[in-house]
Amino acid sequence: MAVFVVTWNLNRERTNYDQARRAFVTHLERHTNRADSGLESVRWISTSWTAEQLYSDLAQKLDKNDRIFISKLRSGDYTGFLDQATIDWLLPKV
């Protein structure tokens with residue numbers, strides 16, 4: 001299993017932004033994941049998939065003008081400030 005950080009930005013100009021965001025997050029939540037209260041459009045996903053497979057899955061709920069970035073975390077090669085619960089979820093997985 002690997003942990004990927006996923007960050008996205010949906011186009012707020014669309015008329016159905018709230019519905020599209022809910023649909024994207026619901027789709028994302030099919031994966032084992034963790035959100036942090038201070039980062040609205042960021043999730044950590046634990047999966048055996050590759051970044052490309054994860055992108056292909058999540059991109060199903062994006063429009064062409066939305067943005068998404070997925071990167072695999074490496075053990076000991078990250079830093080920052082997160083909720084303690086997020087850190088507690090990440091540490092045993094990375």
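Ala, Val, Leu, Ile, Met, Phe, Trp, Tyr, Cys and Pro count as nonpolar, Asp, Glu, Lys and Arg as charged, and the others, Gly among them, as polar. The model is predicted: local features need pLDDT of at least 70, side-chain atom pairs count only at pLDDT 80 or more, and totals for chains, interfaces and linings use all residues. Residues are numbered from 1 along each chain as its sequence is written, and side-chain values use heavy atoms, with hydrogens and water left out.

**View 1. Lining of the largest pocket.** A pocket is an open set of points on a 1 Å grid where a 1.4 Å probe fits, with protein on both sides within 12 Å along at least five of seven lines; lining residues have an atom within 4 Å of a point. The lining includes V5, L39, W44, L73, Y78 and F81. Ten of the lining residues are nonpolar, two are polar and none is charged.

View 2. Contact means heavy atoms within 4.5 Å. Not counting residues up to four places away in sequence, T86 touches R34, A35, D36 and W44.

**View 3. The largest nonpolar core.** Such a core is a set of buried Ala, Val, Leu, Ile, Met, Phe, Trp, Tyr and Cys residues joined through side-chain atoms within 4.5 Å. Of its 14 residues, V6, W8, F24, L28, L54 and L58 touch the most other members. Another core, of seven residues, lies apart from it and includes W44 and W89.

Conventions: Buried means under 20% relative accessible area, exposed over 50%, partly exposed in between (1.4 Å probe, protein chains only).
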